[in-house]
Amino acid sequence: MSNSKFDLGTPINTALFLFILYSIQKIIFPSIPNKNSNKKQPTPTEFKTGYTWSPKSHPPTVLFKTYTPKTLEPFNGVDSQRILLAINGIVFDVSAGRNFYGPNGMYGNFAGRDASRGMAKQSFDPEMLTPVDQPLDKLTDLAPDEIENMKGWIDHFSNKYLICGKLVENDAI
Ligand code: HEM
C-alpha cells in the first residue's frame, strides 16, 4: 500500500515545495526594471530575452491629412525636407526617394504637385502639371491605356511609399 500523504521530510519534496513557493512569489511580485532608477541600462542592439525595453520617445508618425494643390506645393523638396506628390487624389510621402524627386532629381517636376497626368502619359512636359491655383485636373480626356498606366504607377507607389493624405480642391477646406 502506498502512502498518499505529502511528506515534506524527503529532500525531493522539500526542494519541490521551495521551488513552488519561489515560483508563486515570482508571479505575485514580478521584478520590473525601475524606469526611474539612475542605473543607466544599455540600449539593446539585438533581441535576446523579451520586449522589456521601450524607446525613449515615440518613433515619428505620419499623419493622414487632406491637402489642396496650394498646401501640397510647399512639400517640393526645395523648401522642405519632406517631399509629397499626388496621383489621382492620393498623396504619397516620397521623401525616401529624394534622389528621384529632390531638386536635382530626374522627377523633381512632380514634387509637391498633382502628378496624375504626367504619370498617365509618361511625360515630364510642363503642361502635364495643373497650376496650383487652378481646379484639380479631372483627367476625363485620358485614354484607357493612359488610365491603366497611371494605375500602374499608383500600385508602384503604394508598394514603395507611405500614403499620407488625399488631395482635394483648393476651396474644399
Ligand atoms: C529617358 C527615359 C527614362 C529613363 C532612362 C528612366 C529611368 C528610370 C530608372 C532607372 C528608374 C529607377 C527604377 C528603380 O530603381 O526602381 C525610373 C523610375 C521611375 N521613372 Fe523613369 N525613366 C525614364 C522616363 C520616365 C518618364 C518619362 C517618366 C514620367 C512619368 C518616368 C517616371 C518614373 C517614375 C515615377 C519612377 C519611379 C521612381 C520611384 O520609385 O520613386 N520615367 N526611371
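Two strands are said to pair if DSSP finds at least two bridges between them. In this predicted model, local features need pLDDT of at least 70, side-chain atom pairs count only at pLDDT 80 or more, and totals for chains, interfaces and linings use all residues. Residues are numbered from 1 along each chain as its sequence is written.

By that pairing rule, strand β1 (residues 65-67) runs parallel to strand β4 (residues 162-167), and 3 bridges join them. Here Lys 65 stands opposite Gly 165 in β4. Strand β4 also pairs with β3, in the antiparallel sense and over 4 bridges, with Asp 93 standing opposite Leu 162 in β4.

Stepping back to the whole chain, the secondary structure comes to 5 helices and 4 strands; helices (H or I, at least four residues) and strands (E, at least two) are DSSP runs, numbered from the N terminus. From the N terminus on, the order of elements is α-β-α-β-β-α-α-α-β. Contacts are pairs of residues whose C-beta atoms, placed from the backbone, lie within 7 Å. Among contacts between residues at least 6 apart in sequence, 61% join residues at least 24 apart.

Of the chain's 173 residues, 19% count as buried, that is, with 20 or more other C-beta atoms within 10 Å of their own, where C-beta atoms are placed from the backbone. Helix α1 is hardly covered, with a count of 0 buried residues among its 18. The end C-alpha atoms of α1 (residues 11-28) are 26 Å apart, which agrees with the 26 Å its 18 residues should span at 1.5 Å a residue; the expected span is 1.5 Å times one less than the number of residues.

A nonpolar core is a set of buried Ala, Val, Leu, Ile, Met, Phe, Trp, Tyr and Cys residues joined through C-beta atoms within 7 Å. The largest such core has 20 residues, of which Leu 72, Leu 84, Leu 85, Ala 86 and Val 91 touch the most other members. At least two core residues come from each of β2 (84-87), β3 (90-93), α4 and α5, and β2 gives the most, with 4. Leaving aside residues up to four places away in sequence, Val 91 touches several residues, including Tyr 67, Leu 72, Ile 163 and Leu 167.

Terms used. A residue is buried if 20 or more other C-beta atoms lie within 10 Å of its own, exposed if 12 or fewer, and partly exposed in between; C-beta atoms are placed from the backbone. Two residues are in contact if their C-beta atoms, placed from the backbone, lie within 7 Å.
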